[in-house]
Every structure is written in structure tokens, then in C-alpha cells.
Amino acid sequence: MDYPYAPATVADEKPPPALFRRMQAASPPPARNGAPWQTGLTLDGEPFYPVGALDRLADVEHPAGATNLDQPAPDTFVLDWTFDIPGDQHTISIPGDGEGQRLLSIPYWGPATEKTVDYYVTHRVEWAEQPADAWVAVSFDGFYPKERDSADILIPLGACDELCPS
């Protein structure tokens, strides 16, 4: 998804060879305070509706004090995966090349910048279950706790690309 995960603090002496993270995805995306996930999001001052043309996702705005998504129902998980991030110094762009192709559940990134990180990896992941909706919510914190300080990523599913399994 080309979005960096929240910073990890590691020992200065003898840093671990890898970090381990959990990635969960749910479809449809879970509610926000019991209301549909898009509640409070606006586009041009009007409520954002996650249907139709999605070419202006970069212009979608969050309300002041937006809260993160609720925990998904167990039967909506389409991925629950723990993965390693090996030590590999790499320069990344924040918020990443995917800006405008997905939404964050809460305001999260500041101004665009580049950052050198000590752990980096790219994985291609298959869904464990077929998504049940045109949108998927992805969390690198397991959608818990509600007060987590990272944003979930809301991804509209499009047509299959050249990397889709046949």
C-alpha cells in the first residue's frame, strides 16, 4: 500500500534483525461509532458517498475530532496476517505514492516529506477470504484499541490488475 507504519523504537545497540507487525483487513469496513464508516467525511462540503466515481479521494475531508473505526465483526475479516519487516535502510515518501487512491480513517499525515527508515519490506498479499464489499478497511494495529494512534486505511477495490492471480 506504500504507506509507512507508525514509527517503531528499537535499541540503539544490537537492533533486532527484523520487526514483526500484524495486518488485518475487513470487508465491508467496520462502522464508526456505530454509524457507517464514511459518516462525517465530506467532499466539497457535502457528505462523502463511497460509490460512483472515486477520482477525488485526495479531496475527501475528515471532521474535526474524527474517531477511528470500530472493531469489525469477526465474519468480515478477509485477512489476518503477521509479517516480518527486515532491517533494510530505505528512503520512503510520506504519505506514499498511493495518495488519492485510498482514504485514511482519521487525519494522520502532516505535510508530505521523505524519511529514511531502518526497516523496510514490500509484500504482495492475497486475501484469505473474498471481500464482501467494494471497500476494504486495513489496519496495522488489529483495529484495537479504539483509541489507537494510527489510522486505518480504506481502500476501494477496483478491477483486477496484472498482478491478480488467474
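# Reading an all-strand predicted chain

The chain has an accessible surface of about 10100 Å², and 52% of that surface belongs to carbon and sulfur atoms (Shrake-Rupley method with a 1.4 Å probe; for residues, only the protein chains shown count as cover).

Me: What should I know before reading single residues?
Reply: This is a predicted model, in which local features need pLDDT of at least 70 and side-chain atom pairs count only at pLDDT 80 or more, while totals for chains, interfaces and linings use all residues. Residues are numbered from 1 along each chain as its sequence is written, and side-chain values use heavy atoms, with hydrogens and water left out.

Me: How do I use the pLDDT, and what does the chain average?
Reply: pLDDT is the predictor's confidence in each residue, from 0 to 100. Where pLDDT is low, the predicted coordinates should not be read in detail. Here the chain averages 85, and 87% of the residues score at least 70. Confidence is lowest in S5, with a mean of 88, and highest in strand S3 (residues 46-47), at 95.

Me: How many helices and strands are in the chain?
Reply: Both are DSSP runs numbered from the N terminus: helices are H or I with at least four residues, strands are E with at least two. The chain has 0 helices and 8 strands. Along the sequence the pattern reads β-β-β-β-β-β-β-β.

Me: In what order do the strands form the open sheet?
Reply: Strands of a sheet pair through backbone hydrogen bonds, either parallel or antiparallel. Two strands count as paired if DSSP finds at least two bridges between them. In this model 6 strands form an open sheet, ordered S5-S8-S7-S1-S4-S6, with antiparallel pairing. Strand S5 (103-104) and strand S6 (113-119) are the edge strands, since each pairs on one side only.

Me: Which bridges tie S1 to S4 and S7?
Reply: S1 pairs with S4 over 9 bridges, in the antiparallel sense. Gln-24 has Ser-139 in S7 as its bridge partner, and Ala-25 stands opposite Val-138 in S7.

Me: Is Phe-20 buried or exposed?
Reply: Buried means under 20% relative accessible area, exposed over 50%, and partly exposed in between (1.4 Å probe, protein chains only). Phe-20 sits in strand S1 (residues 18-26) and counts as exposed because its relative accessibility is 57%. In the chain of 166 residues, buried residues make up 35%.

Me: Which residues does Phe-20 touch?
Reply: A contact means heavy atoms within 4.5 Å. Leaving aside residues up to four places away in sequence, Phe-20 touches Phe-83 and Asp-84. The C-alpha atoms of Phe-20 and Thr-82 are separated by 6.8 Å, although these residues are 62 residues apart along the chain. Over the chain, 77% of the contacts with a separation of 6 or more are between residues 24 or more positions apart.

Me: What can be read from the loops at Ser-105 and Ala-64?
Reply: Ser-105 lies in the loop between S5 and S6 and counts as buried because its relative accessibility is 0%. Not counting residues up to four places away in sequence, Ser-105 touches Arg-32, His-62, Thr-67, Asn-68, Leu-69, Ala-151, Asp-152 and Leu-154. Ala-64 is in the loop between S3 and strand S4 (77-94). Ala-64 is exposed, because its relative accessible area is 84%. From Ala-64 to Pro-107 the C-alpha distance is 8.8 Å, across 43 residues in sequence.
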